[in-house]
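Here are a few friendly notes to read alongside the model. Keep the viewer open and look up each residue as we get to it.

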Amino acid sequence: MSLESMGQAAKAASHQLATLSSAQKNAVLLTIAERLEAESEAILAANQQDLDDARRLALSDALLDRLALTPARLKGIANDVRQVCRLRDPVGEVIDGGRLDSGLRIERRRVPLGVIGVIYEARPNVTLDIAALCLKTGNAAILRGGKETWRTNAATVRVIQQALQAHGLPAAAIQAIDNPDRALVTALLKLDRYVDMLIPRGGAALHKLCREQSTIPVITGGIGVCHMLVDDSAEIPAALTVIVNAKKQRPSACNSVETLLVHQAIAPAFLPALSAQMAEEGIRLHACPRALPLLAGGPATVTPVLAAEYNDEWLSLDLNVKVVDGLDEAIAHIREHGTQHSDAILTRTSRHADRFVNEVDSAAVYVNASTRFTDGGQFGLGAEVAVSTQKLHARGPMGLEALTSYKWIGYGDDTLRA
């Protein structure tokens with residue numbers, strides 16, 4: 001099927017999805033979850049073939065981790081789909097309204113966006129996250145996953161389409177571009193006649209391509225150069241525990257911490273303790289000139305940090321460490337090198353916490369908590385389609401409401417404008 005035909009079919013399917021009740025949409029989602037578990041053997045076999053190819057191509061451990069499905073991960077994905085069923089359906093919600101002086105009664109009501117295009121890389125769970133959220137909100141979707149996951153994506157989309165057809169709905173409601181030709185990505189960017197919103201989930205190059213060439217509104221995000229400031233009032237044992245979680249709980253995630261900023265007053269006591277803890281956790285350190293002498297004698301692996309490393313995601317068990325004079329320097333560093341994703345302060349001084357929250361302009365800002373919480377499920381939104389670092393339409397984890405727009409409705413009694 002051509003991309004044009006896929007767009008036409010998706011648009012037609014979106015009209016049908018928009019009329020479904022919450023009960024009908026939930027029934028489809030429950031069937032998808034059940035079929036995921038019933039077809040787990042085939043999905044995991046497809047994923048293993050993708051993993052075998054990825055290893056032959058010598059892809060990084062971080063990419064392999066993103067790509068890999070396990071029985072536990074697949075079970076978790078199925079349960080995430082079920083969780084979306086339990087979430088409130090925003091479609092049809094009346095946001096606000098009232099009666100005007102003219103006698104016209106107006107209301108602003110949530111409606112589906114229509115067709116969502118999503119371009120993503122080696123994250124097979126994204127296929128189900130997007131499908132579940134789109135179907136719950138009455139949207140169709142065209143997916144373009146990475147070539148590294150084409151077998152896994154094909155197997156999961158097949159399960160989704162079978163569930164749709166079992167409920168008398170068009171399979172074209174959720175489609176995947178399975179041709180690895182990169183020219184199709186550029187073609188998708190121009191499919192504005194059918195696609196209403198485009199969400200790229202990948203590296204900086206993909207985001208740049210979409211911003212520059214798309215004729216469809218683009219929501220960018222998911223690149224997380226995340227920071228954590230250890231303030232001079234932080235409690236060292238507690239701080240170390242949070243840092244380990246933010247770095248190690250899943251280092252390949254976009255909300256894992258990449259740069260640790262340490263207040264100069266606490267650095268002499270904190271950095272040796274950090275070295276001992278990081279050595280135990282297998283985390284490699286990349287230190288600034290001020291931090292290096294305080295870390296060099298410790299057990300952790302440490303090398304001088306390169307300037308460019310402040311601007312990129314490690315997505316691995318590597319952590320930049322920089323000593324700063326105080327809040328001013330820390331906030332300036334985050335503004336220069338951050339991606340407005342997730343940043344945190346570890347402190348016991350409330351005025352420092354308040355200032356950090358007010359002055360760090362990121363989608364999620366934390367006080368004494370791990371950056372790993374920036375996630376739709378953790379925020380109570382269910383699965384997420386992306387983490388937006390933009391300020392228009394949606395910001396942060398994009399759950400159900402972010403996949404809706406609204407329309408104005410006016411009710412009159414043969415009402416005329418004066």
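1. One term first: a residue is called buried when its relative accessible area is under 20%, exposed when it is over 50%, and partly exposed in between. Please also keep in mind that this is a predicted model.

2. Is Lys247 buried or exposed? Its relative accessibility is 0%, so Lys247 counts as buried. Glu258 also has a relative accessible area of 0% and is buried. The side chains of Lys247 and Glu258 meet in a salt bridge, with 2.8 Å from N to O. This pair links distant parts of the chain, as Lys247 sits in helix H10 (residues 236-248) and Glu258, eleven residues apart from it, in strand E8 (residues 257-263).

3. Next, look at Asp318 and Arg284, which form a salt bridge whose closest N and O atoms are 2.9 Å apart. Asp318 belongs to strand E11 (residues 318-324) and Arg284 to strand E9 (residues 284-287), so the bridge ties together parts that are 34 residues apart in sequence. Asp318 is buried at 7% relative accessible area, whereas Arg284 is partly exposed at 36%.

4. Glu212 and Lys208 form a salt bridge with their closest N and O atoms 2.8 Å apart. Because they are four residues apart in helix H9 (residues 204-213), about one helical turn separates them. Glu212 counts as exposed at 54% relative accessibility, and Lys208 is partly exposed at 44%.

5. How many salt bridges are there in the whole structure? The search finds 29.

6. Now turn to helix H1 (residues 3-17). H1 has 15 residues and spans 20 Å from its first C-alpha to its last, close to the expected 21 Å. Its buried residues are Leu3, Met6, Gly7, Ala10, Lys11, Ala13, Ser14 and Leu17. They cover an arc of only 165° around the axis, which puts them on the same side of H1. The partners that these buried residues pack against include strand E3 (115-120), helix H6 (124-136) and helix H8 (183-189).

7. Finally, zoom out. The protein chain has 14 helices and 16 strands. Its radius of gyration is 24 Å, close to the 22 Å given by the globule rule for 418 residues, so the chain is as compact as a globular protein of that length. Of the 418 residues, 52% count as buried. Among contacts between residues at least 6 apart in sequence, 71% join residues at least 24 apart.

Key: Residues numbered from 1 in each chain as written. Predicted model: local features only at pLDDT ≥ 70, side-chain atom pairs only at ≥ 80, totals over all residues. Heavy atoms only, no water. Helix = DSSP H or I, 4+ residues; strand = E, 2+ residues; numbered from the N terminus. Expected span 1.5 Å × (residues − 1). Buried < 20%, exposed > 50% of the residue type's maximum accessible area, 1.4 Å probe, protein only. Arc of directions from axis to C-beta. Contact = heavy atoms within 4.5 Å. Rg over C-alpha atoms; globule rule 2.2 N^0.38 Å. Salt bridge = Lys/Arg side-chain N within 4 Å of Asp/Glu carboxyl O.
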